[in-house]
Amino acid sequence: MTDKLITAAIVVVGVPGVLIGYIWATEQVLRILPERRRPGVRPWLWMAPALAFLAIFLVYPMIGTAIHSLQDNAGKVFVGLDNYSWFFGSADALSSLKNNVLWLIFLTVFVVGFGLLVAVLVDRVRYESFAKSVIFIPLAVSMVAAGVIWLYMYQYKPPGTVQTGTLNAAIGVFGAGPIPWLQVQDFSVNTFMLIIVMAWMWTGFAMVIISAALKGINPELMEAARMDGATEWQVFRGIIFPLLVPTLVVVSTTMIITALKAFDIVYAMTGGNLNTNVIANQMYAEMFKFGQYGRASAIAVVLLVAIIPIMFFNIGRFRQQEAVR
Amino acid sequence: MTAGSAAIDQAGPKQGWFARNHIGIHTALIILMIIWAIPTLGLFINSFRPSTEAFGTGWWTAIFPPYQFTFDNYLHVLNQSNVGNAFLNSLFISIPATVIPIFVAAFAAYAFSWMEFPGRNILFVVVVGLLVVPLQATLIPVLGLFASWGIAGSFLAVWLAHTAYGLPFAVYLLRNFMGSLPREVFESAAIDGASPVTAFFRLALPMSVPAIAALAIFQFLFVWNDLLVSLIYLAVFNPDNLPMTVVIAGLISSTGQGLEFLGAAAFISMALPLIVFFGLQRYFVRGIVGGAVKG
Amino acid sequence: MARRFRWTLPLVVITLVMAACGTSSTGDNKTVTIIGTWTDAEQESFLAMVKPWEESSGFTVKYQGTRSINDILAAGIPTGVLPDLAGLPGPGQMADYVKAGALQPLDDVLDVATYKSETSPALVNLGQVEGKTYGVFIKAALKGLIFYNPALHDYSADAPATWDDLVSQGAANQGNAEALWCLGIESGDASGWPATDWIENILLRQSGPDVYNDWWAGKVKWTDPKIKAAFDLYMQVVGDSFGGGTNAVATKFQNAGDPLLASPPGCEFFEQASFMSGQGAFAAKKAGTDFNAFPFPAINADYAKAIEGAGDLFGMFHATEGAKSLMKYLVTADAQNIWVKRGGALSANKNASDYPDAFSKAQGEAVAAAEQFVFDGSDLMPSAMNAAFWSHMVSLTSGSETVDEALAALQVVADDAYKPAS
């Protein structure tokens with residue numbers, strides 16, 4: 001116990017100290033160099049810790065994964081694109097891909113839409129902190145707890161018995177239902193029910209980031225417009241929204257990637273049954289349950305390739321940002 | 001801070017339906033809050049009910065008499081043999097695993113937004129693209145590294161791993177925020193002879209406080225709620241270092257008993273992240289950026 | 001300030017790294033590290049079981065319970081980060097771990113003659129790979145118990161001996177019960193497993209242990225008429241169940257038996273494993289009086305003596321002195337009796353029979369006396385096959401697939417899953 005407390009004390013003081021000390025030390029190192037060489041070297045020193053972390057813990061495993069995706073399970077025999085043709089040839093994988101497209105579109109639209117709405121609305125009321133907390137709480141819920149929470153929401157009991165699930169009890173008041181929410185495959189209703197759970201959790205995430213950006217907008221800009229007689233809506237359309245666009249791109253990109261990697265909720269609530277499976281869940285099963293490292297690696301590489309277009313869009317966006325600032 | 005919001009207050013009702021404190025805004029917001037709160041409220045109420053009640057009847061029936069509330073579920077969770085130790089471990093894991101990536105990411109984000117070097121955009125996109133790397137795909141190779149370094153089972157291993165896993169998003173968010181700061185601020189600082197280190201600590205960092213606060217919350221939450229990473233890197237060599245999430249997952253027995261304790265466990269484990277959120281709320285206010293510019 | 005910093009910085013780094021590393025200990029010679037699936041009450045029972053050994057041997061056990069044992073071992077096998085002893089997910093994974101060279105043989109560790117005489121041959125065989133013993137069972141469970149509510153009708157004197165008997169007695173004693181069966185197969189990512197138990201229990205009594213064992217080994221096709229017959233009978237059960245298939249898929253297996261104990265009862269019978277007596281509404285009731293159970297009835301008279309069970313496998317990754325000594329101790333009747341006495345488990349050892357009540361004693365004796373004991377077939381399948389079996393049972397039960405569609409799809413999975421590993 002005591003050595004843990006000593007560790008804690010050292011960490012609390014030491015970690016920031018080391019990190020700040022590192023940057024301070026780089027400037028000392030740069031002094032050795034001739035002045036004109038410094039701007040070329042400096043960024044690399046500033047980025048070095050981040051790049052080192054990423055190289056060791058993400059890039060190195062991904063390179064191994066990419067190699068493994070071309071090999072058999074034991075990692076000995078080169079099998080070419082077999083693992084990829086297995087993936088694109090299996091009906092389960094294609095059903096998962098289709099679900100991931102739904103996740104990608106609807107989770108992103110829902111989270112960014114509601115996140116923006118809430119961030120803008122709370123900016124205009126006095127109980128801002130309270131309102132934000134209410135929307136934020138689901139994000140603090142662990143995935144296991146979220147599974148239980150929505151179990152109580154979606155619960156189904158046979159017709160004629162007392163409904164204990166919130167949704168079925170609510171529609172029961174109007175004489176409808178009960179509906180087995182997680183079993184209805186028409187129009188992918190069950191997948192949407194899972195997306196709703198995730199959106200409920202992540203709206204707070206979008207709200208916090210968008211709200212932070214909103215608070216960063218220079219109030220003088222808005223004041224000037226108001227002085228010119230613009231209505232609040234015009235101020236939002238003309239000034240606030242355009243300034244929020246970069247942040248909305250960040251949140252959207254993050255949510256698209258979150259949707260591609262969606263896993264826990266599906267795993268906890270339906271186990272991917274009844275056509276609700278997603279590719280990340282498949283990858284997990286192939287890797288940790290079925291011992292199919294080759295196939296699991298191929299899926300991971302597919303995920304990586306899938307986001308390349310989004311990344312190019314981001315490059316374009318950052319060029320724009322630099323042009324105008 | 002006050003100058004801006006006071007001015008908006010004065011803008012008043014003549015500004016139409018989108019104005020501050022308009023009735024439409026209140027209605028919309030309150031409806032949203034109710035929708036968002038109901039699922040959690042259901043679990044909260046059920047966490048105080050005996051399991052036969054919680055699974056047998058809807059949570060709303062508990063609002064009406066006869067009342068059958070109990071603290072048993074909470075007591076069961078708090079009486080788990082190692083819950084105190086696990087709570088401390090969660091803190092030991094989460095605090096450094098939040099602080100380290102924020103600093104590391106802030107340095108990189110500053111370089112990406114305010115230093116010129118060849119290949120900057122491509123490198124940045126590669127960093128952000130790493131967001132998509134599935135965590136599960138890294139577990140085995142990274143565990144191999146930790147084992148060969150001799151740090152498997154230690155807090156250090158989990159700090160390093162969580163730092164790396166959190167970095168792509170942290171760099172992305174901070175670079176977006178720092179990149180949008182006005183150019184004049186840094187130019188005038190450079191003219192005044194401030195070094196990049198000074199500009200970073202005196203200007204970029206304070207002006208990015210809202211983004212850093214947001215980042216701190218998320219990173220803290222993700223680490224606090226993580227089960228898999230800790231389990232893989234700690235469980236074999238040093239189970240005494242495992243966090244709360246492992247204790248909570250252990251409430252469900254191998255044959256599936258114990259579902260009724262999850263609600264209580266969820267609220268116990270949520271308490272601290274929410275305190276962090278409330279604590280950081282005060283940094284989400286207008287004017288921090290403006291204030292720093294003037295200062 | 002800057003000057004002072006220059007000296008403190010390296011110092012802080014060094015202390016930090018030392019402090020962080022200092023907390024990592026890989027265990028000394030007097031410690032045995034164990035990872036198992038038992039948590040909470042089960043963990044307490046296991047630790048109680050280990051305690052006398054700790055006291056006599058002077059070793060300490062460092063135990064961690066988690067249901068994610070699959071992930072830990074999957075990551076541990078290629079990296080060598082493994083505990084001394086561990087619970088194993090199933091016989092299939094055990095064979096993989098043996099092939100990877102990670103599991104240690106137990107033939108020189110255990111008192112083999114005694115172990116074999118005290119343990120059901122089926123369980124002994126399941127722990128073997130190519131003639132060597134790698135896994136032992138610490139506790140067992142009996143599958144295919146039919147639970148009933150004595151308040152509706154007491155079957156303790158005249159338990160239905162055959163399936164037809166069960167159906168006719170059920171019709172005669174229905175009283176105010178709404179349906180014949182209770183059924184619930186929801187279990188998160190493992191949803192569907194209670195339905196696979198149903199198929200196994202039916203198949204075993206319809207076609208016997210030989211067909212059963214060939215089936216899980218991939219030697220009988222899913223589309224075989226014998227398999228289809230088992231599925232067809234299961235679909236009848238779904239049709240006769242409380243709330244039908246939709247309700248079965250929506251109901252957690254833990255709470256599936258609750259309507260049996262409700263008033264008026266939702267159903268007359270409920271099939272589950274012996275550990276069900278601690279679940280849902282059963283947990284608060286008294287076994288033997290408030291609820292009771294009889295064995296799964298015979299369907300084909302030739303196979304009346306066959307029963308299905310399951311158990312928790314245990315293996316050794318490091319052959320340290322402590323690990324070997326503990327392993328030897330764990331399979332003894334003395335050790336297993338400790339857990340048995342505390343309740344919640346059936347012993348894998350025939351001589352451990354200090355059950356706390358008549359209900360569990362009856363199940364324990366059934367396991368010990370079984371002439372034809374087979375292990376849970378889905379757990380023995382390759383894990384991809386097992387997962388597909390679970391998943392198709394969900395689709396089938398919910399009505400989104402027909403029996404023929406499900407069997408055809410399962411055969412497609414089998415063609416891939418049983419391929420010899422390359």
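Student: In strand 11 of chain C, what is the bridge partner of G135(C)?

Tutor: G315(C) is the partner. This is a predicted model, where local features need pLDDT of at least 70, side-chain atom pairs count only at pLDDT 80 or more, and totals for chains, interfaces and linings use all residues. Residues are numbered from 1 along each chain as its sequence is written, while chains are lettered from A and ligands numbered from 1 in the order in which they are written.

Student: Which way do strand 6 and strand 11 of chain C pair, and over how many bridges?

Tutor: Antiparallel, over seven bridges, with strand 6 covering residues 135-142 of chain C. Strands here are DSSP runs of E, at least two residues, and helices are runs of H or I, at least four residues, both numbered from the N terminus. Two strands pair if DSSP finds at least two bridges between them.

Student: What about strand 3 and strand 11 of chain C?

Tutor: Strand 3 (residues 85-88) of chain C also pairs with strand 11 of chain C, antiparallel, over four bridges. There, L88(C) stands opposite L313(C).

Student: And in which sense does strand 13 of chain C pair with strand 11?

Tutor: Parallel, over four bridges, and strand 13 spans residues 372-375 of chain C. E308(C) has V374(C) in strand 13 as its bridge partner.

Student: Is strand 11 of chain C buried or exposed?

Tutor: Buried: eleven of its eleven residues (306-316) are, so strand 11 of chain C is largely enclosed by the rest of the structure. Buried means 20 or more other C-beta atoms within 10 Å of the residue's own, exposed means 12 or fewer, and partly exposed is in between, with C-beta atoms placed from the backbone.

Student: How many bridges join strand 7 to strand 10 of chain C?

Tutor: Four, and the two strands run antiparallel, with strand 7 at residues 145-148 of chain C. I146(C) stands opposite F294(C) in strand 10.

Student: What about phi at F187(A)?

Tutor: F187(A) has a positive phi of about 55°, though it is not a glycine. S188(A), another residue other than glycine, has a positive phi near 50°. Most residues other than glycine have a negative phi, and most peptide bonds are trans.

Student: Where is F187(A)?

Tutor: F187(A) is in the loop between helix 7 (166-173) and helix 8 (189-216) of chain A. S188(A) is in the loop between helix 7 and helix 8 of chain A as well. F187(A) counts as exposed, with 8 C-beta neighbours inside 10 Å. S188(A) is partly exposed, with 17 other C-beta atoms within 10 Å.

Student: How many helices and strands does chain A have?

Tutor: Chain A has 14 helices and zero strands. Its radius of gyration, 25 Å, is well over the 20 Å that the globule rule gives for 325 residues, so chain A is more spread out than a compact globule. The radius is taken over C-alpha atoms, and the rule is 2.2 Å times the number of residues to the power 0.38.

Student: How many residues does each side bring to the contact of chain A and chain B?

Tutor: 94 residues from chain A and 100 residues from chain B. Contact means C-beta atoms, placed from the backbone, within 7 Å. Helix 2 (residues 38-68) of chain A gives the largest share of chain A's side, 18 residues.

Student: And between chain A and chain C?

Tutor: 29 residues of chain A are in contact with 35 residues of chain C. Helix 1 of chain A gives the most to chain A's side, with ten residues.

Note on methods: Two residues are in contact if their C-beta atoms, placed from the backbone, lie within 7 Å.
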